[in-house]
Amino acid sequence: MNSPKATMLRTAGDRIVDASGAEVRLRGVGIGGWLNMENFITGYSANESLMRSAVREVLGQELYEAFFERLLTTFFAEPDAQMLAETNMNCARLPVNYHHLEDDAAPFQVKQEGFRHLDRAIEACAAHGVYTVIDLHALPGAQNQGWHADNPTHVASFWDHPHFQDRVVHLWEVIADRYKGNPWVAGYNPINEPADPSRRVVGQYYERLVPAIRSVDPDHILFLDGNTYSTEFDIFGEPWDNTVYTCHDYVLAGLGAGTGYPGTANGTWFDKESVERTFLKRTEYSRRSGTPIWVGEFGPIYTGDEQQDAWRRQILADQLEIYDRHGASWSLWTFKDVGPQGMVTVRPDSPYGQRFGEFIAKKNRLAADAWGGTDEGPVEVIRPVQGLIEREFPNFDPYPWGRQQWVRTLLLNILVAQPLAHEYAEQFRGLGSDELMALADSFAQENCEPRKALLDVLR
């Protein structure tokens, strides 16, 4: 298939435009759980590197490589790019884990073969008139405290070690050199959701990283996330040319804690007015600096209960109207998963759904995943520890989300989640090549179920 014609995108004031000066409003989705895997998306537990290590130990190297190669090949392919175009989307954000491009045991040695799936996705999207944004989603040392940075702890060590920072500069020089001049690459998202607790390093690091990328590729747009999971922008001074300052705009009421919409979540009232106030706060720097607005991530979690899901879709519909009214581009999270959030989902009766359904139910019962939980998990463990910390350390307010979330992270998303990662791996024991390929193929577009009501809102 021949790709349609494209010209390099750039910024012009508060708009993104093509070479003719015509505005291009980017509307798309993040391809989460693919080149950067996440526990709630593909159904494992804990962080990607631990899961992969445990599965490798069970399967052995040959079957391990065959399974994950098939999974990466089927998870995003030409039919997926076609579906984006048919849903009136013109952009795919492509999250990448640095492990595809470099090994910790061989820093600064780039694995050229690690680009093969990224190249393939960019070409497939281009063939359907869909731009791509390359997003380095997991950095060496972990740029934030979350599982989605492939972080096995709650410490973002990237900000403390110049070695990690040097490696990311080098990686981006290599990435920029590979894709410079490609008009279907809308731009680069160099650091997903940085979370520098000191708030002192991240701004200085951008001052180093941006010129390094520009020295190799002066033409592509840079999409820069704010600190604290792309919600704080006081780290930026004068805006750089051809740069978009990216906010992430999740609504708490849509993430498991809400009782309705309009309604409350964790004691806070949410309605369309409050959703817009948060959006305006998070985009204040972009509006003040006269640069384009791009909401790099947003979207509710769905439950399977149609009454709840209906008002969560209303949150999404309100956000889309707000973004359109303010001229914002956007990238929904996420494209494909085992059920909580995707535009398309793996069917429960698929080989993967059948094999891992009980495991996923167990980790949901134990609240081992941080994203989209609806309760506290094993309250007989959580509540006493939260009470202890509150009594003994009443002034303790840890970055980024406070005392209660800190306890939950340590007790559930690490202490409980990590042994569950090994339990997940055990589900692969004894499987042969054909069975493994069937599991991977459960994620192929033709084997997944579109979330029709969500697609109707997006269209």
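Q: Which unit do β11, helix α11 and β12 make?
A: A right-handed β-α-β unit, with α11 at residues 306-325. Right-handed means that, with the strands pointing away from the viewer, the path from the first strand over the helix to the second runs clockwise. Helices (H or I, at least four residues) and strands (E, at least two) are DSSP runs, numbered from the N terminus.

Q: What sort of model is it?
A: A predicted one: local features need pLDDT of at least 70, side-chain atom pairs count only at pLDDT 80 or more, and totals for chains, interfaces and linings use all residues. Residues are numbered from 1 along each chain as its sequence is written, and side-chain values use heavy atoms, leaving out hydrogens and water.

Q: How many bridges join β8 to β11?
A: Four, and β8 (residues 243-248) runs parallel to β11. Pairing takes at least two DSSP bridges between two strands. Tyrosine 245 stands opposite isoleucine 293, and histidine 248 faces glutamate 297.

Q: And how many join β11 to β12?
A: Two, again parallel, with β12 at residues 329-332. There, tryptophan 294 is opposite serine 329.

Q: Which barrel holds these strands?
A: A closed one of eight strands, β3-β4-β5-β6-β7-β8-β11-β12, with parallel pairing.
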